[in-house]
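Please keep the sequence and the 3D view at hand while reading.

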Amino acid sequence: MSIVNVENVTHFYGDKLVFKNVSFRLLNNERVGLVGPNGAGKSTLLQVLSGEILPDHGDVQWLPNVKIGYLEQHNDLTDGVSIRTFLRSAFQHLYEAEKRMQQLSVEMGSCDEMELEKLLKQYADIQELLEQHDFYQIDPKIDDISCGLGISAFGMEKDVSELSGGQRTKLLLAKLLLEKPAVLLLDEPTNYLDFEHIKWLENYLKNYPHSFILISHDTAFMNEVVNVVYHLEHKQMTRYIGNYQRFVKTYDFRKQQTLTAYSRQQQEIEKLEMYIQKNKARASTSKQAKAREKKLMKIDRIEKPDSLPRPRFSFQVSQRPVSKIADVIDLVVGYDKALLPPLSFELNRGEKIAITGHNGIGKSTMLKTIMGELKPMNGTISFGDRVQPAYFAQEWNTRSNQSPLEYIWSLHDRMTQKEVRQALARCGLKSEHIFQALHSLSGGEQTRVRLCQLILEESNWLILDEPTNHLDIQAKQALSEAIHEYDGTVIVVSHEPEFYRDWVTQVWDLEQWRK
């Protein structure tokens, strides 16, 4: 039985076609991986399924009373509640039932026998409901999921207003998992998760008793948890049975088949056109030429399989700095209290450092302090002569109506419009993207705009905080290669060893630094 039927759904953003005539059925217990390049419309499709936005054409029909849980890439939380209280809200209906049961208990103390029988029945029904849903095990459930996703480390009584963007995303994910909806719609759930928490989520989803649709650029994770792949490309969607690995093999095979069929058809078309051109004017062969012309008109033309442009990131050293980039002595980072013990280290020219450690340990805080965005609680940071850092922050929640073209041009007004467009194109942004409002772009497209700005900035030291979040596979590979070839110094925070293992010179594990 299908849980949802999607029929010929088409959606535009302004005058930009996002996808066209998308149709599929989600079956019970199907675990779907939704894949495609940045900007293909994956997040938009989840928003259509969740009802957050309406499609321009087509229908989305859910089974009645199906509970849907949607994890967005960006979401806000109401201030003033603790983490534990927020997670308990996943069971709000049960807490309300318990409150009603307590009211019934009071009412039973002052009613007649006939009324007492009715109240006892209501009381018993509520008690059965609470027992069916393991009401008295709510806090252990919360603790289990909080521990699995690394939320416990924040402190369960911490106010949600004090959480970073990544921590808030984890909290929203935890609440969804506690609610156990019939269909989970997960948009990049592994962003901001450490390796051990990704493994926990992988095991959780393997045993999840219902269906889900998952967007993730972590292909190893996706490969382990999905049994169907929906591929969005060129405004169309294709369904593949099996995990991600099987999808790649089948997709490559189909693409090769289509390319072969396209080449054969082009050869046939060329022969027919040449014959028609040579023989149409001759009286003796004009009939044959007209017959071939009719045949040519009836050919159902195969579209050439299009490969999406691969980004070409390239970072240049603006000027050569001295050998010692930075000297850090007894640096203490934090807000109200220190997150790490005093840090002392030297960073030398040409070193490429990966910083690892669980979320909330202080990686981003350390980078912000080095960059001067946060004041150190103690200690000193000194930089060498001619050192020019360029910083990629983990979070960039822009609400700007500027287009990428306007944004980059405003920062580099000496460039011509053509030069700005070429720079954005090298980062994998098409013409349709560079005139859109920044806030309307997908997470991956926004990241490409920010990387374009980083490339154009004069620098000799890159400081990158989770730059691969939201990037598709091709873009990740291109960025890794660009950093490999870069002659300058690099500090990167990343939870993906496969991204940095080919070029890193040292790994700083902050877990070890805390010991």
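**The sheet and its surroundings**

Strand β3 (residues 31-35) and strand β7 (residues 211-215) run parallel and are joined by three bridges. The model is a predicted one, in which local features need pLDDT of at least 70, side-chain atom pairs count only at pLDDT 80 or more, and totals for chains, interfaces and linings use all residues. Residues are numbered from 1 along each chain as its sequence is written, and side-chain values use heavy atoms, with hydrogens and water left out. Helices (H or I, at least four residues) and strands (E, at least two) are DSSP runs, numbered from the N terminus, and two strands pair if DSSP finds at least two bridges between them.

*Sheet order and pairing*

- G33 stands opposite L214 in β7.
- An open sheet is formed by six strands in the order β5-β6-β7-β3-β8-β9, with mixed pairing.
- β5 (68-71) and β9 (236-241) each have a single partner strand and stand at the edges, so one side of each lacks a neighbour in the sheet.
- From one strand to the next, the twist averages 15°; axes are lines fitted to C-alpha atoms, for helices over the stretch in contact, and angles run from 0 to 180 degrees between N-to-C directions.
- β5 pairs with β6 in the parallel sense over four bridges, and L71 has L186 in β6 as its bridge partner.
- β6 also pairs with β7 in the parallel sense, over five bridges; here the bridge partner of L186 is L214 in β7.

*Helices on the sheet*

- Helix α1 (residues 42-50) lies across β3, β5, β6 (183-187), β7, β8 (228-233) and β9, and runs at about 150° to β6.
- Helix α9 (residues 244-279) also packs on the sheet, where it touches β3, β8 and β9, and its direction makes about 120° with that of β9; contact means heavy atoms within 4.5 Å.

- K180 lies in the loop between α6 (165-179) and β6; its phi is near 50°, a positive value in a residue other than glycine.
- K180 counts as partly exposed because its relative accessibility is 44%.
- E188 is placed in the loop between β6 and α7 (195-206), and the phi of E188 is near 55°, again positive in a residue other than glycine.
- With 4% relative accessibility, E188 counts as buried.

*A helix pair*

- The axes of helix α12 (residues 404-411) and helix α15 (residues 443-456) come within 11 Å and cross at roughly 20°.
- α12 and α15 are therefore roughly parallel to each other, a description used for angles under 35 degrees, with over 145 counted as roughly antiparallel, 65 to 115 as roughly perpendicular and the rest as oblique.
- P404, Y407, I408 and L411 in α12 meet V449, C452, Q453 and L456 in α15.

*Residue L17*

- L17 is in strand β2 (residues 16-27) and counts as partly exposed at 22% relative accessibility.
- L17 and K235 are 218 residues apart in sequence, yet 7.4 Å apart in space, C-alpha to C-alpha.
- Not counting residues up to four places away in sequence, L17 touches T10, H11, F12 and K235.

Methods: Buried < 20%, exposed > 50% of the residue type's maximum accessible area, 1.4 Å probe, protein only.
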